[in-house]
Amino acid sequence: MISTDNLAARRGERLLFNGVNFKLDQGQALRITGANGTGKTTLLRILAGLTEPDLGSVKWCGEDIRQCRETFHQQLAYSGHQFGLRGELTALENLRYLTPDSSESSALIETMDRVGLARCINLPARYLSQGQRRRLILAGLVAGQARCWILDEPLAALDNAGIEMVETLCADHLKNSGILIITSHQNLSSTLGRVAELHLG
Amino acid sequence: MLGAVRQPGDALAPVVFYLIVGMLFPLALGSDPRLLAQIGPGAIWIAALLAVLLSLHKLFRSDLDNGYLDQLLLIPCPLFLLIGARLLAHWLQTGLPMLLVTPLLAESFGLDYALLPVLLAALALGTPVLLLLGAINEALTLTSRGGALLALLVLPLYVPTLVFGSGAVYAVHFGESPAGHLSLLAALALVTLLFAPWAVATALRISID
């Protein structure tokens, strides 16, 4: 359902990658690997529609995402290096902003409980640790019910229990016919099943 | 839908700035009541302009730094609507309080009470324009380093608002009708309202790229 057509991107004078072609259907996952600086984040941002590629296009269900931006973004959840949380709002309020479609507070609180943040619901986000912020973002992913997850280093700043939780959530997402694109320096465990790999650089 | 974002503490800074700058004029210029009454409207307008600029400073900077801007651009709703809502919220927490304390400033200049309605009307029309234009500037200069200098580039755009705004008050001061000035201000407000949110949205997309 998401496919690319000869993607190429440049940073300054340097060509980051060229001729990137792939197609992912429901329930499939892709892991993008490569050394630091090879353009993994740039590729993810292009796939999410935040950055324009220098060449080529990204297609969602056959349509260029530049044409069907709103439809695509409705189905997309993106998690980047920075968390996009507003420090002065509480964890719960931040979650509500991340998932504008869902209106049930109880459902959000339940999701927070699932990721282990039950004690932080009314804590202003600036008091959360890195690991807790990461879990909050994950809660947003789960609550948002997007079809396509694009995650940039989701395992960073997590302890072993956290890593296990992320992998379980991703596996559940794939079982529910979701699409997953992920970058990670660590190897993913087998809970996710078969994961395609794309190596940059 | 995205509602007004509460920023306790930060919100009042521009309003206090407005008051302080406004109050500084009478203090610095002596107590000749005629002089004060003459420069009053202009001085209040300058204070308002500076306060609005201050409130916009780094409007989107922290959003960019903490990744919130990314998420904003990913919301499946036309960006200009979100920006419009955000700027409206911004005006409500900055412009509106400024309007509320304006009578205090008018008093400190010893302005005639008859001038107050026109002053408030002009500010009510003009502060949104300043806000919207300033937001465009902030969005365009988000990722460049010459922040303060680039702000100077936009300054000429503020001039019409300043001229019509204070002109309206002076018109009443001299016994003429402020209708002309006010309708020009209203036209400015309408035009900026229509195109500024879209311009800010486009500038943000470009800055993020």
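Biologist: Which residues of α5(A) are buried in this predicted model?

Modeller: The structure is a predicted model, and in it α5(A) is mostly covered, with twelve of its 15 residues buried. A residue is called buried if 20 or more other C-beta atoms lie within 10 Å of its own. The buried residues of α5(A) are Gln132(A), Arg133(A), Arg134(A), Arg135(A), Leu136(A), Ile137(A), Leu138(A), Ala139(A), Gly140(A), Leu141(A), Val142(A) and Ala143(A).

Biologist: What covers the buried residues of α5(A)?

Modeller: Chain A has six helices and ten strands, and both kinds of element take part in the covering of α5(A). The cover includes the strands β7 (76–79) and β8 (148–152) of chain A, and it also includes the helices α3 (91–98), α4 (105–114) and α6 (160–175).

Biologist: How far apart are the end C-alpha atoms of helix α5 of chain A?

Modeller: Helix α5 of chain A runs over residues 130–144, which makes 15 residues, and at 1.5 Å a residue these should span 21 Å. The model agrees with this expectation, because the end C-alpha atoms of the helix are apart by 21 Å.

Biologist: In which sense do β7(A) and β8(A) pair, parallel or antiparallel?

Modeller: Leu76(A) and Tyr78(A) point one way from β7(A), while Ala77(A) and Ser79(A) point the other way, and all are buried. Ser79(A) stands opposite Leu151(A) in β8(A). Over four bridges, the sense in which β7(A) and β8(A) pair is parallel.

Biologist: Is Glu153(A) buried, partly exposed or exposed?

Modeller: Glu153(A) lies in the loop between β8 and α6 of chain A, and its phi is near 50°, a positive value in a residue other than glycine. A residue needs 20 or more neighbours to be buried and 12 or fewer to be exposed. Because Glu153(A) has 18 C-beta neighbours inside 10 Å, it counts as partly exposed.

Biologist: What radius of gyration does chain A have?

Modeller: The C-alpha atoms of chain A fill a box of roughly 45 × 35 × 35 Å, taken along the principal axes. With 201 residues, a compact globule would have a radius of gyration near 17 Å, and chain A agrees with this, since its own value is 17 Å.

Biologist: Which element of chain A has the highest mean pLDDT?

Modeller: Across chain A the mean pLDDT is 83, and 98% of the residues reach 70 or more. Among the elements, α3(A) has the lowest mean, 78, whereas the highest, 90, belongs to β8(A).

How values were computed:
Residues are numbered from 1 along each chain as its sequence is written. Chains are lettered from A and ligands numbered from 1 in the order in which they are written. This is a predicted model: local features need pLDDT of at least 70, side-chain atom pairs count only at pLDDT 80 or more; totals for chains, interfaces and linings use all residues. Helices (H or I, at least four residues) and strands (E, at least two) are DSSP runs, numbered from the N terminus. The expected span of a helix is 1.5 Å times one less than its number of residues. Two residues are in contact if their C-beta atoms, placed from the backbone, lie within 7 Å. pLDDT is the predictor's confidence in each residue, from 0 to 100. The radius of gyration is taken over C-alpha atoms; the globule rule is 2.2 Å times the number of residues to the power 0.38. Two strands pair if DSSP finds at least two bridges between them.
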